[in-house]
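Here is a short briefing for a reader new to this structure. Please look at the sequence and model first, then read the points below.

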Amino acid sequence: MAISPAEEAELVSRAQHGDADAFCRLATQHHRSLYVLALKYSGNHHDAEDLMQDVMLNAYRAIHQFKGMSSFRTWLARIMVNSFLNQRRKSDPLAPTKRQEPMEEESEPMFYSKNSERHSEWSVHNGLVMKQILNLLASVPERQRLMFLMKHQEGMTCEEIADTMGTSVGTVKKTLFRVVDRLRQHFAIPAVKG
Amino acid sequence: MHNCEEFRERITELIIDREEVARKAEFQSELLTCSSCSEFYVQSRELIEALDGIDLTMSDKQWNGIEQRLHARILNVGANLDANVDAGFSRSRSARAAFWPLRRLNPAATATSMMQSIVPLLATAALLLITIGLGRLPSPIVGLQQTAAPPAQAVYVEQSVPLDPVTVGFLEESELLLRNVMKMAPSDVEDLADAKKAASEQLAELDQRKEAAAEVPPVVGMMETYETILRDLRNVDIGSADEDIGDIQKRIQQNGLIANMKAFQPRISEVSFSLR
C-alpha cells in the first residue's frame, strides 16, 4: 500500500532514530520496483535479490545521511547506482566464465508477455522475445545498462540520471542512443509459426 | 543539414519515453527524407514496445518470501549494530553517535536530559513497589488464563546470530557452491565434477557445523535442507545429470537457500556515498 509523503517523512525520521521496523516499512514501498530493475540488470533472480538487498542495507546504514533535500526514492536511486556498480563478485572459480555469459535457461526469470496465456503460442513467442532482449541487455556494459534501465524502467529524466550518476546530460543522451542503437541492431522478432 | 547521429540522439529519449516521434512536425521531414533514420525509428520503437511487454510474473508467496528475507536482513543488521555498539567491541560511543546522529549528546541539553532520565527511574521504582505489593496478594485459584504464546514469526534472523567464525565461513562457502550449482549446465562435465567434489567435502564437515550452530535452530534447519541438496549433488549421475541438476536447482530456489545462507552471515561494513 502506498504511503503519503508525510508518512514517508515520519518513517524516515523514525528510521534515523534507529527504528529498524520503520525502515522495513520504507523498504516495502520500494523493494518490488527495485527488484524488477535489478532483475533486468542482472538477468537472474538470485543476483537480483542480492542486489536489491544490498541497496536496501546500504540505504539503512546511511539513512542518517538523508537530509530530505530530494525524495527518498531519488536518494535511494543514488545508493542503487553505487551498490550496483560497486558490487564485487566474491572469489568464485566459475565466475570468469559463467557470470559474464548471458542468462542461462535454468536460472532464467519467469517473464511472460502481458495479456497472453502462459501456455499459448504467443506466450512461447513472447518468451523468446523476452529472452532475446534480456540476453541483449546483459551484453551492454553495466553503466550504460543501468542508465538505460533508469530511463526505461524508472522513467527518470536525463537530468535526473545525469545527477544520480554524476555525469552530464549530454553523456546520458549519447549513452541512451548507443544502447538503443546496439539493442535494435541485434533485436529481431522471431516469426510465429502458422 | 540532416545529421543522422545527431537526429537519432535527439529522438532516442522520446522513443524510450514512448512518444509518437513520427507525429511531431519537427521530426517528420527528416524521417521522410532519411530512410536509414526512419528504419532506426521503427526498429527502436519495436524494441521498446517489446521491452514494455515484459511482465514479471511472481506469486504473492514469492514476493512475501523476498520481503521477509529483506526485513530479516535489515533487522539483523540493526541488531548487529546495536550489539556491537553496546558491547563496545568495534564502535565507541562516538561511533554510535555518528551512526545515529540524532542520539548524539548535546552539552547544552545535558541538564534537561538528566532530568528526563531521572523521571523514568522514579517511575520504574514506583512500578517495582507496586509489583511487589501485588505479588503478596493471594492469587485466585481459578480464572487465570495462560497467555497464548505468540505465533512464531516467519523471520529467519531477528537478532545477532551467535555463530562462530568457522561456521560463518562455512555458510559463505556453501552460498558460493549453491550459486555455482544454479549457474551450472548439466553438460559441463568439469563443473559437475567440481561441484560433486565440493559437495562431498561440505558433507564431511556438515555435522560439525550443525553442532556448532546448535543454539540457532533456524540455521540447523537450513543446514538440514542443505544436506539433502549436498547428498543429491554428490550422487548426480552423468547419464541423468540434466534431470537431476534441474531438480536440485529447483529445490535450491524453492527453499530460498542462497538468500538464507547469506542472511545468516553477519556482516558490518562501513559505507560511504557521495551524497548531495
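In this predicted model, the buried residues of helix H10 of chain B are B:Ile245, B:Ile248 and B:Ile252. A residue is buried if 20 or more other C-beta atoms lie within 10 Å of its own, exposed if 12 or fewer, and partly exposed in between, with C-beta atoms placed from the backbone. Seen down the axis of H10(B), these buried residues fall within an arc of 60° (taken over the directions from the helix axis to the C-beta atoms), so they line one face of the helix.

- The face turned away from the buried side carries the exposed residues B:Glu243, B:Lys250 and B:Gln254.
- Among what covers the buried residues of H10(B) are helices H7 (165–183), H9 (217–234) and H11 (257–263) of chain B.

**Chain A**
- Chain A has nine helices and one strand; helices (H or I, at least four residues) and strands (E, at least two) are DSSP runs, numbered from the N terminus.
- Along the sequence, the pattern of chain A is α-α-α-α-α-β-α-α-α-α.
- Of the 194 residues in chain A, 39% are buried.
- Of the contacts in chain A with a separation of 6 or more, 59% are between residues 24 or more positions apart; two residues are in contact if their C-beta atoms, placed from the backbone, lie within 7 Å.

**Conventions**
- Residues are numbered from 1 along each chain as its sequence is written, while chains are lettered from A and ligands numbered from 1 in the order in which they are written.
- Local features need pLDDT of at least 70, side-chain atom pairs count only at pLDDT 80 or more, and totals for chains, interfaces and linings use all residues.
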